[in-house]
Amino acid sequence: MCRSYGRNVHTGVFLHWITGKGDIVLGDNVKIDGKCSFQFAARFSDRPTLAIGTGTGIGHQCAFTVGKRITIGKDCRIASGTWMFDAGGHPSDPAARLAGLPPSDDEVKPITIGDNVWIGRNATIFPGVAIGDGCIVSAGAVVMSDVPSYTVVAGNPARRIAALTPIQTPSSASPSAEPPVATT
């Protein structure tokens, strides 16, 4: 199922559950731990894609439902039990549900996770969500809307509880730059 993968990809001793037809694209040094579930719903696109960036770790019992695309950036930490889905599986329109129709194309919305994001245990990421670089999603959070970079969110639905100081790059840091700290 991996269309491409980098060096040092680790999946542990368990077999992951993969259903449907789609592509998995992995960067270097990706770790997918324990048993995870990958469901591809090819009725929404020819090749639904799950892309996981270099240095990212996925915890035990994470689940991904991919109708179009889920993109996870570099150096992310995704804790066990996290669920991401870009398609709900059933249409929101009651008549279409009753008729047994699939969700409409506009109800299938790709998910984008930035770089250096930490998603806590049992978090749920809904269709169409974009989580910016450097964010923390607390354990059990239900993320239904976009999260700006360097933000901490928690709750159901997830709300901003803190802001983080962006990482200073060598080109933007002054000689006396302090290390990043959490702020409220």
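Predicted model: local features only at pLDDT ≥ 70, side-chain atom pairs only at ≥ 80, totals over all residues.
**Notebook: strands, loops and one buried threonine**

I began with strand 5 (residues 37–40) and strand 8 (residues 63–66), and found them running parallel, joined by four bridges.

Ser-37 stands opposite Ala-63 of strand 8, and Phe-40 has Val-66 of strand 8 across from it.

I then followed strand 8 to its other partner. Strand 11 (residues 83–85) runs parallel to strand 8, and three bridges join the two. Here Ala-63 turned up again, with Trp-83 in strand 11 as its bridge partner. So that I remember it when I look at side chains: in a regular strand they alternate between the two faces of the sheet.

Which strands make up the open sheet, and in what order? I wrote down six strands in the order 2-5-8-11-14-17, with parallel pairing. At its edges I found strand 2 (17–19) and strand 17 (142–143), each of which pairs on one side only.

**Strands 16, 18 and 19**

My next stop was strand 18 (151–154). Strand 16 (residues 136–137) pairs with strand 18 in the parallel sense, over two bridges. I checked one of these positions: Ile-136 has Val-152 in strand 18 as its bridge partner.

With strand 19, strand 18 runs antiparallel, and four bridges join them. Ala-154 stands opposite Arg-159 in strand 19. The two strands form a hairpin with four residues between them, and in this hairpin Gly-155 takes a positive phi near 100 degrees.

I stayed in that loop for the peptide bonds. Where does the cis peptide bond sit? I found it joining Asn-156 and Pro-157, with omega at about -5 degrees. Pro-157 has its place in the loop between strand 18 and strand 19 (159–164).

Gln-61 has a phi near 60 degrees, positive although the residue is not glycine. I located Gln-61 in the loop between strand 7 (57–58) and strand 8. Is Gln-61 buried or exposed? Gln-61 counts as exposed because its relative accessibility is 52%, and the cut-off for exposed is over 50%.

Asn-116 is the other residue I noted, with a positive phi near 55 degrees. Asn-116 belongs to the loop between strand 12 (111–113) and strand 13 (118–119).

**Thr-49**

Last, I turned to Thr-49, which I found in strand 6 (residues 49–52). Why do I list Thr-49 as buried? Thr-49 counts as buried because its relative accessibility is 6%, and buried means under 20%.

I then checked what the side chain of Thr-49 does with its polar atom. A polar atom of that side chain lies 3.1 Å from the backbone oxygen of Arg-47.

For the surroundings, I set aside the neighbours within four places in sequence, and what remained in contact with Thr-49 was Arg-3, Asp-23, Val-25, Val-66, Lys-68, Arg-69 and Ile-70. Val-66 was already in my notes, as the residue of strand 8 that Phe-40 stands opposite.

Technical notes
Residues numbered from 1 in each chain as written. Heavy atoms only, no water. Buried < 20%, exposed > 50% of the residue type's maximum accessible area, 1.4 Å probe, protein only. Polar contact = N/O pair within 3.5 Å; in protein donor to acceptor, adjacent residues only side chain to side chain. Contact = heavy atoms within 4.5 Å. Pairing = 2+ DSSP bridges.
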